[in-house]
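Subject: Structure handover and notes

Dear colleague,

Please find below the structure I promised to pass on, followed by my notes on what was found in it.

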Amino acid sequence: FGRKAADEIRDRIARRLQGGALPLVSTFHSYSYSIVREFADPAEFQAPPRLLSGPEQEHRVRELLTNSIKDGRVSWPADLEPAVGTRGLAALVRELIAKAQALDISAQELAALGDEAGVPVWSSIAGFLDEYLDVLDAEGVMDYAELIHRAVALAGLPDIGAKLRSRYQAIFVDEYQDTDVAQVRLLQRITTPTTSLVAVGDPDQAIYGFRGADVGGILRFRDDFTTVDGSPAPIEVLSTTRRFGEGIRDAAGRVIRRVSLGTLPAEVQKAHRLPDCTAPTRGDV
């Protein structure tokens, strides 16, 4: 999930292979960027799009939102007017925009959800979303959520999707519990029932919900990616851990046993929550 980790894995593979062609190793965002650069309409970007960093995006949201409200282009709830222009509000708006993009919710759908739920600010942000994306397009930049969103859309086109699916016989995804809805959708569009797809993860280590990660992805994996005959994908539990001893396992178990593992089979849940513990030895990695 990070550039540094991807570089490290790529180096380890290169040393193991000792020459020859290397498989593609990348983060979701790097892979999505390659799709956008290869397949996006050249007319959309006079130059390759530049990605906004987190602080840059927050600054642009804060600036555009303030101007849109002051100029009357966005109708804003009166009780939130004092917060306009603050970093806190910009961060919250940025978070909501990212979640909407990850869930493939359009501005119109977000407005409808706001009306239905009685949350006026959602409708306000929906009005801002289109303007925000238009401005970024005009500037030739995009944020990370929009990058994934565009890659998913491109991979959903029949000819592009077929080309991407033809490139990969096997795909391996690490830290699967940290994927979000859009990333899972991208995987679905570049795989077929005959693609060897292996996902590694631990639902009990899902700690990035505040970034939009959806632990439901790993809990639904066997149903999202069925086998050739349509049956649920098999699950292999790594039943030995070298990270901690039985004391930590038992203490952690008393805390996390209340956390649901969804519809995973009972034997899988038991094996996952009660691993054999082997104390680390010198040289273990």
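Predicted model: local features only at pLDDT ≥ 70, side-chain atom pairs only at ≥ 80, totals over all residues.

S3 is joined by four bridges to strand S4 (residues 196-199), and the two run parallel, where two strands pair if DSSP finds at least two bridges between them. Phenylalanine 172 stands opposite valine 198 in S4.

Residues are numbered from 1 along each chain as its sequence is written, and side-chain values use heavy atoms, with hydrogens and water left out.

For the protein chain as a whole, the secondary structure comes to 13 helices and six strands, and the C-alpha trace spans about 65 × 50 × 40 Å along its principal axes. Of the 285 residues, 34% are buried, where buried means under 20% relative accessible area, exposed over 50%, and partly exposed in between (1.4 Å probe, protein chains only). Among contacts (heavy atoms within 4.5 Å) between residues at least 6 apart in sequence, 72% join residues at least 24 apart.

Next comes a helix pair. Helix H3 (residues 54-70) and helix H4 (residues 87-102) pack at an angle of about 105 degrees with their axes 9 Å apart; the axes are lines fitted to C-alpha atoms, for helices over the stretch in contact, and angles run from 0 to 180 degrees between N-to-C directions. H3 is therefore roughly perpendicular to H4, a term that covers 65 to 115 degrees, whereas angles under 35 degrees count as roughly parallel, over 145 as roughly antiparallel and the rest as oblique. On the H3 side the contact is made by Gly54, Gln57, Glu58, Val61, Arg62 and Leu65, and on the H4 side by Arg87, Leu89, Ala90, Ala91, Val93 and Arg94. By class, this contact of H3 with H4 has six nonpolar, two polar and four charged residues, with Ala, Val, Leu, Ile, Met, Phe, Trp, Tyr, Cys and Pro counted as nonpolar, Asp, Glu, Lys and Arg as charged, and the others, Gly among them, as polar.

Several single residues also deserve a note. Arginine 73 lies in the loop between H3 and H4 and counts as partly exposed at 45% relative accessibility. Leaving aside neighbours within four places in sequence, arginine 73 is in contact with Asn67, Ser68 and Glu131, and its C-alpha is 8.1 Å from that of phenylalanine 128, 55 residues away in sequence. Serine 124, in helix H6 (residues 120-139), is buried with a relative accessible area of 6%, and, with the neighbours within four places in sequence left aside, serine 124 is in contact with Val74, Ser75, Trp76 and Pro77.

Two residues other than glycine have a positive phi. Glutamine 18, with phi near 55 degrees, is in the loop between H1 and helix H2 (28-39) and is exposed at 72% relative accessibility. Aspartate 104, with phi near 60 degrees, lies in the loop between H4 and helix H5 (107-117) and is partly exposed, with a relative accessible area of 40%.

Best regards
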